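Dear colleague,

Please find below the structure that I am handing over to you.

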Amino acid sequence: SLFNNMNEGVIFSGEDQIIKMVNPTFCKMVGYTESELVGVNGYELLIEEGSRNQIIEKIARRVKGNSESYEMQLKTKTGNKIWVINSAFPVFDSSGSFEGIMSVITDITSRKIIEQELNQEKNKFESVLNHINDGMFQDSIDGKIIFYNKKFLEIFGLNDSDIPNIDIEYFTAPEHRDEIRERHNKRTVGEEVPELIEYQGL
């Protein structure tokens, strides 16, 4: 059946969080067999204690008829944690009475690991740039500042809060602004420009 052959995990539980039904994909995700899951309180078995209050709030919204998708962690049989997207929606019977919550679970652990590794590398890179004695910045295609180091702020007497409101011409002396803008425009369309340029800042 579709339920058993889905690539996503599926779990159906009552308002009391007793598991009524799971598919093979979900069993594989968490390392339990179907018989180990059905009839068990999934909230207590699969959710870390520190995260349970947030889940209780979300369950209450399901009972009221609200659906939502959110990231969360599940605890596997071996004690490991996996990151998932839970797309949860309420199920009502023909008379409109609440029957339970159907959750479609997508494992995003690999993506989360990559994101964490990228963030670590980004933090290392920024740490290096913030300890050099040269001011550095990166600008967007429209000339807005999208990256900078501490020395850049120091040189031009700026604060972090100033950055969203300025572009490359803000800290350039008026007599050099046309030159700086022309150079920027050439770079954005792939034209070659000198690697180094001298200009007076403000």
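**Findings**

In the protein chain, 37% of the contacts with a separation of 6 or more are between residues 24 or more positions apart. Please note that this is a predicted model.

As to secondary structure, the protein chain holds eight helices and seven strands. Its radius of gyration is 27 Å, whereas the globule rule gives 17 Å for 202 residues; the value is well over that figure, so the chain is more spread out than a compact globule. The C-alpha trace spans about 75 × 40 × 35 Å along its principal axes.

Of the 202 residues, 33% are buried.

Is serine 103 buried or exposed? Its relative accessible area is 8%, and because buried means under 20%, serine 103 counts as buried.

Which residues does serine 103 touch, leaving aside those up to four places away in sequence? They are Gly9, Val10, Ile11, Asn86, Ser87 and Ala88. With asparagine 86 there is also a polar contact, made between the side chains of serine 103 and asparagine 86 at 3.3 Å.

Yours sincerely

Conventions
Residues are numbered from 1 along each chain as its sequence is written. This is a predicted model: local features need pLDDT of at least 70, side-chain atom pairs count only at pLDDT 80 or more; totals for chains, interfaces and linings use all residues. Side-chain values use heavy atoms; hydrogens and water are left out. Helices (H or I, at least four residues) and strands (E, at least two) are DSSP runs, numbered from the N terminus. The radius of gyration is taken over C-alpha atoms; the globule rule is 2.2 Å times the number of residues to the power 0.38. Buried means under 20% relative accessible area, exposed over 50%, partly exposed in between (1.4 Å probe, protein chains only). Contact means heavy atoms within 4.5 Å. A polar contact is a pair of N or O atoms within 3.5 Å; within protein, one must be able to donate a hydrogen and the other to accept it, and residues adjacent in sequence count only if both atoms are side-chain atoms.
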